[in-house]
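Open the structure in your viewer and keep the selection panel handy. We will take it one stop at a time.

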Amino acid sequence: MSARVRAARPRLGVFKFASCDGCQLQLLNLEDELLALADRVEIAHFLEASSRVEPGPYDVALVEGSITTSRDVERIREVRDQSAFLIAIGACATAGGIQHLRNVADVEAWKSEIYPHPEWLDTLATSTPISDHIPVDHEIHGCPVNKREVLRVMLRALLGAGPDPPRASVCMECKRSGHVCVIVAGGQACMGPVTRAGCGALCPSLGRGCYACFGPYEGANGPALAGRLEGLGLPRRDLARRFRGITGSHPAFRSTAEGLEDGDG
Amino acid sequence: MPDASEPCWLERTRLQRLLDVLLERGFEVHGPVLRDGATLFAPVQRVAELAAGWRDEQTPGGYSLEPCGEARTFGVVSGPGALKPFVFAPHEPLLQVRMDGPGSSFEAEPVLPEGHKVAVLGARACDLAALAVQDRIFLRGRFPDPHYAVRRRALFTIGVSCTRSVSTCFCTSQGTGPEVTGGYDLALTELAEGFVVRFGSPEGEDLVGALGLPIASEEALRRERSDLDACAEGIERALDSGDLRDLLYANLGHPRWEEVGERCLGCGNCTMVCPTCFCHDQRDEPALDGAASLRVREWDSCFNPEHSQIHGINFRARVRDRYRQWLVHKLAGWVDQFDTSGCVGCGRCITWCPVGIDLTEEVDAIRRTEGAS
Ligand code: SF4
Ligand code: SF4
Ligand code: SF4
Ligand code: SF4
């Protein structure tokens, strides 16, 4: 599979697995650009936008959502077989999403607590990212993804260029935008120092801490940040939840959360 | 018109007149305003918008404001923003690239900033020293940076000498402050009733003339001197710079790097707030029609793993390596490269490091246990 999309008018497919549709919605939110994009790509499969569905193959597939059922496991393989360049979009597709919390819970137990007929449910015990099941050509992180980044990656692919994703920390975006640090000046918890850039430091721009929607920054030093935030007076249990959040299945966050839970007597 | 050597006097009540004259002359005036628990330089029209009546406390990893109980306009020593963004933009277009059709040649046209006139009121001595360092990097080399040059030409600086410092300041070690002694258009020192004013450029001189300022009294100058001396004496943090370059080069294998690498988040805040750090990245942003793209540059950091990624290999793969790169480059490599230290002692990297890592402490630790490697 190559990053290059060579067809004159490449065919785009957008697919959904376990998710809230928010990432696909970001695509629809590209109000000013969507028509121009539709001139350059054939939108062959995008159920959230149109019920008209064209069969594959697809030059580019955007996949939203995590794998949570046995049917998902089969369907993602079908999508892979039909797609030349497959991009997983959003925290569900790249990290299992908030629903990955089931991975550390007893699924059988809560099934019977919540549903009158748990036997009608077809669900796996885990919520896993797309890359656990098939090879993925690129991942666009975020909860939701940044629509500008989705557009940028697609426009680059149309020119035959690789994605060149942002790899800085949220703090770097935060400072480039001239925001005042909420940890240093506000004594608030913020996950920015361990989180991958991409949102433009949205939460700090509104005076609150980052939730780590974009997953761990490369080499994230979870324990050092956790120690600092604990010093602000945050209980370890609450801190563990911050690391257990939307992208908490990533090893860097998971191990920090486990460390905090272990020490929480 | 007073002689250049003769400081003038501006009554506190006439500070608005200074702003008015700058605004009349077409400057966008930026001054320190309160924003989200700190001060930032922001456009102002009225003196009342400035962060008067407050003072800051700064510690490693901590910043807070409190009322200072007097009518000081510049009671807050500094915020996270220095002069850097005014000349070296955090994000800016460099080149517009166009292609006529598939396979055809392309044209690239520089996109220069407009260079609208900006006056910054309230730059500290360390900020002005950092601007001089950045001038050296961006303008004096073999390839002067045209974008920086446009913004720099349009910048008018009004420095304010420090009559108080915060715990993270160490300009006295770096010979950059607390008194504004160069690199300014106008320099102010704030006293209870007003400001001692000096000009440092023909534009500054012209402005002083337009304001029709009287000569400062001997009494005002005497008080100015004692306030400045008291401020300098009150600065306790120090960086022993004498043999720093050799010390760091000789200790590249010191275990302290490993230890600081455990504490450091690799977040890059220190480099973003540092008024001299100049690293940047360039990216191409394709246009919708597929026939054009914009090349933009933005602030990058040696703490960004991508910064040391070359042909699939990261030669500073660990945070330890990146912290060492930052400190050794800033305090030693710059001396070889630019004939100046990269540190002006402003203390921002200490205050705005979320975990309060203090470069003066790191250097001391290495000095104390030199040869431990
Ligand atoms: S507010 Fe958060 S993202 Fe911004 S600099 Fe502080 S820690 Fe980093
Ligand atoms: S380092 Fe010196 S010049 Fe800079 S703000 Fe502190 S006292 Fe003022
Ligand atoms: S290294 Fe730190 S103290 Fe020195 S100039 Fe940069 S931010 Fe200021
Ligand atoms: S020294 Fe502090 S501000 Fe700099 S990268 Fe490390 S943790 Fe971040």
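This is a predicted model: local features need pLDDT of at least 70, side-chain atom pairs count only at pLDDT 80 or more; totals for chains, interfaces and linings use all residues.

Select the touching residues: 43 from chain B are in contact with 32 from chain A.

Now show the surface. About 3,100 Å² is buried between chain B and chain A. Carbon and sulfur atoms account for 60% of that area. Next, pick L265(B), P286(B) and L288(B). Together they supply 21% of the area that chain B buries against chain A, more than any other three residues.

Which residue of chain A forms a salt bridge with E298(B)? Select R176(A) to see the partner. The closest N and O atoms of this pair are 3.5 Å apart. Across the interface of chain B and chain A, the rule finds two salt bridges. It also finds 13 residue pairs in polar contact there.

Switch to a cartoon view of chain B. Several elements each supply at least two residues of the side that touches chain A. Colour these strands: β3 (38-43), β5 (62-67), β12 (280-286) and β13 (292-299). Then colour these helices: α9 (255-263), α10 (269-273) and α11 (319-338). By type, the residues on this side of chain B divide into 21 nonpolar, twelve polar and ten charged.

Last stop: centre on ligand 3. What surrounds ligand 3? Select F170(B), C274(B), P275(B), W326(B), K330(B) and C343(B), which are part of the shell.

Note on methods
Residues are numbered from 1 along each chain as its sequence is written. Chains are lettered from A and ligands numbered from 1 in the order in which they are written. Side-chain values use heavy atoms; hydrogens and water are left out. Contact means heavy atoms within 4.5 Å. Buried area is the accessible area (1.4 Å probe) that two parts lose on being put together, summed over both. A salt bridge is a side-chain nitrogen of Lys or Arg within 4 Å of a carboxyl oxygen of Asp or Glu. A polar contact is a pair of N or O atoms within 3.5 Å; within protein, one must be able to donate a hydrogen and the other to accept it, and residues adjacent in sequence count only if both atoms are side-chain atoms. Helices (H or I, at least four residues) and strands (E, at least two) are DSSP runs, numbered from the N terminus. Ala, Val, Leu, Ile, Met, Phe, Trp, Tyr, Cys and Pro count as nonpolar, Asp, Glu, Lys and Arg as charged, and the others, Gly among them, as polar. A residue is near a molecule or strand if one of its heavy atoms lies within 4 Å of it.
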